[in-house]
Amino acid sequence: MSRLEGKIAFITGAGSGIGRGSAKMFAREGAKVICADFNEAWGEETAKAINDAGGDAIFVKCNVRNRQDIKDAVKAGMDKYGRIDVLMNCAGIVRIKPFIEITEDDYIAITETNLRGYIWTMQEILPIMMKQNKGSIVNVASISAYKAETRTAVYAATKAGVTMMSQDIAKEVASNNIRVNCICPGPVGTNMTPEEIRNHPEIVEEMVKELVPLGREGRPDDIAYAAVYLASDESSWVTGTSVIVDGGVWINTNK
C-alpha cells in the first residue's frame with residue numbers, strides 16, 4: 001500500500017517550488033490533493049500534472065492573505081472529498097534587503113503570507129480534523145528560524161514564529177489525535193530564490209560550496225520526502241517537532 005493511501009491533503013503554495021513538489025509526491029503516494037495557490041495558471045498546472053499521471057487532484061484558488069479565499073478553498077475541498085486528513089502550509093514569500101530598508105509594505109506582505117496565512121488556514125481546517133479525531137499538519141518553516149543570516153530579519157521572524165506556534169498548537173490538539181510538525185528547509189532552488197541569485201549559477205555554486213556540507217543545493221523533492229513522512233501514519237508518534245532538511249547548513253557552525 002502507498003504511504004498516503006486514502007488520505008486527503010490540502011496544500012497551500014501548491015503551484016510552485018516545494019508546494020508543487022510535495023503535491024505531486026503526495027499524489028504518487030496515494031493521497032488525493034487539494035492544490036491551493038493564488039496563481040491560477042501554476043495551481044492548475046500542478047493539478048493537471050497529478051491527474052495526467054493517474055492521480056486525483058483539484059485546484060482551488062487561494063491567496064492566504066485573504067481569509068475568505070481560505071474559507072472558500074477549504075469548502076471547495078470538502079465539497080469534493082468530504083474530509084481533510086493532512087494540511088501542508090507551504091505558501092511563503094521572502095524579500096531580501098537590509099533591515100533598515102524594510103518598508104511597511106514588505107513587512108505586511110511577509111507577515112501576512114508566512115505567519116497569518118498559516119494561522120488562518122489552520123483555524124479553518126483544525127475544526128474539520130477535530131471532528132474526524134485525526135489529522136496531521138505540516139508547516140514549512142525555514143533553517144532561518146534557527147541560524148542567523150543577513151537581510152532576512154522579518155522573514156526569519158515569521159519562520160521562527162511558525163516553529164514555536166506549531167509546538168504550542170501540537171500540545172493543544174494532541175488530545176484530538178492531531179499532530180502538528182514543521183519542516184525547516186535550507187537553501188532550495190525554487191522561484192523564491194531571488195532573481196539576482198537565480199540568474200547567476202556561479203553565485204549559487206559559490207554559496208553552496210561555502211554553506212552546504214553535503215555540497216549541493218536542495219531540491220523540492222528533498223523537502224517532499226520529509227513531508228510525506230510527517231503526513232503519513234509512519235510518524236504517528238511524532239508531534240511538536242521541527243525536522244531540519246538543509247544539507248548540513250545548521251551544523252556548519254563556523255560559517
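View 1. Tyr146 has 35% relative accessibility and so counts as partly exposed, a class between buried (under 20% relative accessible area) and exposed (over 50%), taken with a 1.4 Å probe and protein chains only. Trp250, at 38%, is therefore partly exposed as well. This is a predicted model, in which local features need pLDDT of at least 70, side-chain atom pairs count only at pLDDT 80 or more, and totals for chains, interfaces and linings use all residues. Residues are numbered from 1 along each chain as its sequence is written, and side-chain values use heavy atoms, with hydrogens and water left out.

**View 2. Two aromatic pairs.** The count comes to two aromatic pairs, where rings of Phe, Tyr and Trp (its six-membered ring) pair if their centres lie within 6.5 Å, and planes under 30 degrees apart are stacked, over 60 edge-to-face and the rest tilted. In Phe38 and Trp42 the ring centres are 6.1 Å apart with planes at 75°, so this pair is edge-to-face. Trp42, with 33% relative accessibility, counts as partly exposed. For Tyr146 and Trp250 the centres are 5.9 Å apart and the planes at 55°, so that pair is tilted.

**View 3. Helix H1 beside helix H2.** H1 (residues 17-28) and H2 (residues 40-52) pack at about 20°, with axes 10 Å apart. They are therefore roughly parallel, the term for angles under 35 degrees. Contact, meaning heavy atoms within 4.5 Å, is made by Arg20, Ala23, Lys24 and Ala27 of H1 with Trp42, Glu45, Thr46, Ala49 and Ile50 of H2.

Technical notes:
Axes are lines fitted to C-alpha atoms, for helices over the stretch in contact, and angles run from 0 to 180 degrees between N-to-C directions. Helices (H or I, at least four residues) and strands (E, at least two) are DSSP runs, numbered from the N terminus. Angles under 35 degrees count as roughly parallel, over 145 as roughly antiparallel, 65 to 115 as roughly perpendicular and the rest as oblique.
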